[in-house]
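Colleague: I am new to this structure and would like to learn how to read it. Could we go through a few features together?

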Amino acid sequence: MKRKSHFHIETKHVFFMLIVVCLILIIVSSVSSSVNNVLRTGINTVLMPMQKGLNKIGSYVSGQVDNLTELDQIRQENERLSEEVAQLREDNTRYQLQQAELEQYQELLDMKEQYPDYETTGAHIISKNSGNWYQTFKIDKGSADGIQVDMNVIADGGLVGIVTSVETNTATVSTIIDDGRSVSAMALISQAPCIVTGDLLLYEEGRLLLQYIDKDDNLENNYKIVTSNTSSEYLPGILIGYAADLEVDSNNLTKSGYLIPVVDFSQLDSVLVITTLKETGEALE
């Protein structure tokens, strides 16, 4: 026959156990929350400055990248603008050269119109003597272009000189300011004869000698002096310059003074060669 179990838990014991369990849960929950807060605070204390530092570093790096990108764009833009400026300067220089060349051609055309009776051809000066003045110089035209010795050369509306030697593609010109070179001349209005004589030292003052004028001839200061009909080398009627400081010579028979050339012999660049020779008076083909 089996014995009956006498195990029995009273209600108050169960109630007490439940209270204990609740207290334990409350304590654990409280302790866990504190631990979580402590951990959270600790983590925030450590990680937040690091995060802020990383954010600053990231912002700095991003700013530097942006700056580098902007600098590279600026550099590229500067290079482009520099190329444009260089091209503009080149174009401007080319334009100025073309403008200067056009002005020279215009001056040559104007001169050509001053002497319509003479056939002419334009030429550029390619070299000169070593002095300050264009005493002698070479032009870029020669026998291949029909240039011959003794052809007259003009510029600035007046007489420059004469061709003294000719090569195939170049020619040498001696100018009226050369020492001792004489030009038979006359006053344009009165046709009073005179002689213009070159003198390099005197030309430093911008003047040449004007001599052998009859005391009673009508030739006064500021008169235009041109090449005469009696010249053996120069065609008649080419302007040379203007009379200045005329005085009666000590022989009381002649007067002399100075001539102010119309041509500036310090800045010649282009000239006109008259292709008509004095001997024949005919234009060369």
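Modeller: Gladly! Let us begin with one residue and its surroundings. Keep in mind that this is a predicted model.

Colleague: Which residues does Thr 121 touch, not counting residues up to four places away in sequence?

Modeller: A contact here means heavy atoms within 4.5 Å. By that rule, Thr 121 touches Lys 141 and Ile 147, and also Val 271, Leu 272, Val 273 and Thr 275. Thr 121 itself sits in strand E1, which covers residues 120-128.

Colleague: With which side chain does the side chain of Thr 121 make a polar contact?

Modeller: With that of Lys 141, at 3.1 Å. For the chain, 58% of the contacts with a separation of 6 or more join residues 24 or more positions apart.

Colleague: How many helices and strands are there in the chain?

Modeller: You will find 2 helices and 12 strands. Along the sequence they follow the pattern α-β-β-β-β-β-β-β-α-β-β-β-β-β.

Colleague: How should I read the pairing of strands?

Modeller: The general idea is that strands of a sheet pair through backbone hydrogen bonds, in either a parallel or an antiparallel way. In this model, 6 strands close into a barrel with antiparallel pairing, in the order E6-E7-E8-E11-E10-E9. On average, neighbouring strands of this sheet are turned by 40 degrees against each other, direction ignored.

Colleague: Over how many bridges do strand E7 and strand E8 pair?

Modeller: Strand E7 (residues 193-197) and strand E8 (residues 208-214) share 3 bridges in the antiparallel sense. Thr 197, for example, has Leu 209 in E8 as its bridge partner.

Colleague: What percentage of the residues of the chain count as buried?

Modeller: Of its 285 residues, 29% do. The chain exposes about 18,500 Å², with 55% of that supplied by carbon and sulfur atoms.

Definitions and conventions. Residues numbered from 1 in each chain as written. Predicted model: local features only at pLDDT ≥ 70, side-chain atom pairs only at ≥ 80, totals over all residues. Heavy atoms only, no water. Helix = DSSP H or I, 4+ residues; strand = E, 2+ residues; numbered from the N terminus. Buried < 20%, exposed > 50% of the residue type's maximum accessible area, 1.4 Å probe, protein only. Areas by Shrake-Rupley, 256 points an atom, 1.4 Å probe, with all protein chains shown as cover. Polar contact = N/O pair within 3.5 Å; in protein donor to acceptor, adjacent residues only side chain to side chain. Pairing = 2+ DSSP bridges. Axes fitted to C-alpha atoms, helices over the stretch in contact; angles between N-to-C directions.
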